[in-house]
Amino acid sequence: MKQKNSIFTSTLHCIIAGFCSGFFFNIIMIFTIMLISDRLGADTLEENLDDDLLNKQIAEVRPEKAKQGTLLFKTINNLTHDYTLAPSLDTDVHIQIRGMIARTTVKQTFHNNSADWQEGIYVFPLPENAAVDHLRMHIGDRIIEGQIKEKQQARREYQQAKIEGKRASLVEQERPNIFTTSVANIGPDEDIIIEITYQQPVRYQNETFSLRFPMVVAPRYIPGKTVVTGFEGTGWSLNTDQVADASRITPPVLNPVQDLENEAEHRTINPVSLRIDLDAGFLLSNIDSPYHPIDIGIPDKTRYSIQLQHSQVPANRDFVLDWKAEPGNAPRAALFTEEKDADIYSMIMLLPPASETSPVLHREVIFVVDTSGSMSGPSIVQAKQALKLALNRLKPGDRFNIIQFNSYTDKLFRFPQAISHHALRQAHLYVDSLEAQGGTEMAPALSAALLKQGNKSGANNNNDGRNYDVRQVIFLTDGSIGNEDALFNIIQSQLGDSRLFTIGIGSAPNSHFMNRAAKFGRGTYTYIGNISEIQTKMETLFSKLESPVLTNIHIQWPEDCAKNNCVVESYPHNIPDLYLGEPLLISTKSDSLPESLTITGEIAGETWSAALKLKGGQKDSGIPAIWARKRIAALMDKMRQNQNSEGDEVEQLRNGIIKTALSHHLVSKYTSLVAVDVTPARLKEALVKSHALPVNLPEGWDHKKVFAQLPATATNASLAFFNGLLMLLAGLLLLLTRKHVFNV
Amino acid sequence: MSSTFKKISLKVLLIVLPLCGMWQIGSASYIHAKAILAQVLLETAWDKTVHGQQEVKPWPWADTWPISRLDVPGLGIDRIVLAGASGSSLAFGPGHLFGSSLPGQQGNTVIAGHRDTHFRFLKDIQRGELIQLQSLTGKMIQYKVSETIIVDEKQTEYLANTSENTLTLITCYPFDAIRPGGPLRYLVIAKQHKPDIST
């Protein structure tokens, strides 16, 4: 009896002691952690007393109020119904490259697998500089040629045909890199093929030519408050005050992971086949497709034929092709011409020589990294690695800061910091801690990066009030936002003497944003699509950042040209600064081609000039379309800047765009291609059902992170408590039964 | 030989089992203690916020900050709401979902909280219950509970913006499940009751 009692009391003691020790141990742990953190904070202050005190605040939050925006909520996860009913789509792409011009034909086959008459609406990307000039609708053996019309007119004709039961198709531009194909009256079990053709100049950088074929419009973050206009388009987002056409640029997204009785199955749709005929005009040393395995046929002189190793790939990541000339054969200048309607159009390429002097520049580098939900997965890993490489590349005398943004903007230091072992260590810790979640409120982050707060504090300035030679903002993002124009306005109005360099991250970056943001930011753009590219791509960017820039570039047309009244209209109007390895690329239209032209500029404080004879040159097709596309882009820029101004100016610009687009048969924001069959196919009694075609989630994206899930909201307290009780009970049982079990 | 081995192993078990058990129970109480304690610390940070400071971090290394105060007068509930509904902020208080409307803004304000700590009271909430949210500027906004429902975690349509000003409170379901991580969620949906009252 006595013994039993003692067992009981000892167990009770044990329980109480254990509970207290467990609890207090935890409390002690917490205080230790607090103390250590405080110590760390104290270290920070002591180590850097000579610096501006304000700079020590790690992770100082800039008081930017979070703005309201739309996370990407509507998914077709729950609308499997709609997914199975919508027409399915196959895409076949044929790219012909001659010299520096690519002509691409995209064939979209809409299959109607249902017994109903259908309308299919597909939102898809094209290169941001694509000049779309042809639409053909194939119905069986018949081909109907598309006509270019003003947008509203084209829409009316399409709607009319749809009502009348005629097969019709419409290609509209939503953004320079987002287009919509609508096809009406696809009969039961019928296929309709929509053939779209576009031209584009090839990118030439650091002796490498490259071409990007985007495959999917990534889900975009839509900032702003919803405006109650309802759904105008077929997307998952409502229109907002900041993105008035949100419902047209957000196609429904298929959740790739389908939970089929707990066996997660990965599914993709919209298969793409792709082949390329490449004739660069010279022998190549290298052809590379970094994201898709390709087969390269035996070349015929300088012609190569290339196709995907897998006959079809899902439309969920951009296709890129890079090629290089044999050493010593890389072109330094090129001229392409084409005559059209008594005008001569040309595209001129000139690669300025690299400067021999390279002064040591003190740089202020502001890294801005997108940590929104769309960056989760491989993208954030790539961004972090790129950031770390860039941090290691900074030199004594440079200053830097890191800004991250998602729904909120957060800074590493309140003001840019001079390079020190300590500052770099903090930066590396900060980069390690980055996590991708939340929205993409880019505007406050852009403003924070472009605003030079270092100068306002006064304390950390040198005497001249400027403690750097160049100020560079390096912006890492996938650009998945819908309010591009507002962001471009911020860049243009707040740039000052900063330069903006965009790094497009991930499998389907927004090329329109990368390209234009860098243009308005007077910097350049780079893409990183997988881990293995980071090293080389960043190296190339570093060499650009550290080398002198060719600025103040002007073109002088010969005087005799002025006398002979040959009017030359060339684009771009204001020639951008050229970084190391970048060529000058201009498109011109004139009555007759001038014999030569002179280009002047400044590099590292010295004047540079080059004369170029405009004789011979390769006769090519597609040059007028490329010129017209550049003219439209220039007018669109002007329009964006004048959007709030009163009067005729906007109207004039709009008319200018429409006129250019109509005369060159180009799709633009205000013109669309429409093709209508003559004979009605559907009886009026039969209904036509309209479906938005779903698109894939870009490869590597995490559906949960983008389209949110209801958050998990249970602690493991109950579980821990339960486990604890179980163990105590087991211990007690053991104590009571030890004689029987162990015979001791 | 084997008898000494048995003795030793028995002793070890008799020490290890209760200790581990206590550790588990201690960590369970720690979760609750932290949840209660943090709310006290947050009080000061929220006061500063209402008085015009922005994104006041309650402790130096916090990665979240208070953005609203939630009151249910009928149940005597008073909680400081934090920015973001990640695990690290939910440990200290209910979290406001990034991207949903801020209290006082038009649309759907979504707040999530742990079912066993800050949002345990949701199971007692009835239709018609009054809920108050204080906005960053100190304004009080009143909501009236219109429905409570149980949904699957994938039903994200409840997060979508609404034209009517709505407050959506989310917690896990069932309330007394021992294991965390189940797929069900308990939603309290409240509609704005009155125009804003300034305080």
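How many bridges join S17(A) to strand S21 of chain A? The legends below take up this question and then turn to chain B, all in a predicted model.

**View 1. Strands S17(A) and S21(A) side by side.** Here is the pairing asked about above: S17(A) and S21(A), the latter covering residues 319–325, are joined by four bridges. The two strands run antiparallel. For a landmark, look for A:Asn286, which has A:Lys324 of S21(A) opposite.

**View 2. The open sheet of chain A.** Stepping back, we meet four strands of chain A in the order S11-S12-S21-S17, paired in antiparallel fashion. At the edges stand S11 (203–205) and S17 (284–288), and because each has a single partner strand, one side of each is left without a neighbour in the sheet. From one strand to the next, the twist averages 20°. As a reminder, strands of a sheet pair through backbone hydrogen bonds, either parallel or antiparallel.

**View 3. The elements of chain B.** Two helices and eight strands make up the list for this chain. Followed from the N terminus, the elements of chain B read α-β-β-α-β-β-β-β-β-β. The radius of gyration of chain B is 21 Å, well over the 16 Å that the globule rule gives for 199 residues, so chain B is more spread out than a compact globule.

View 4. Among contacts in chain B with a separation of 6 or more, 55% come from residues 24 or more positions apart.

Note on methods:
Residues numbered from 1 in each chain as written. Chains lettered and ligands numbered in written order. Predicted model: local features only at pLDDT ≥ 70, side-chain atom pairs only at ≥ 80, totals over all residues. Pairing = 2+ DSSP bridges. Axes fitted to C-alpha atoms, helices over the stretch in contact; angles between N-to-C directions. Rg over C-alpha atoms; globule rule 2.2 N^0.38 Å. Contact = placed C-beta atoms within 7 Å.
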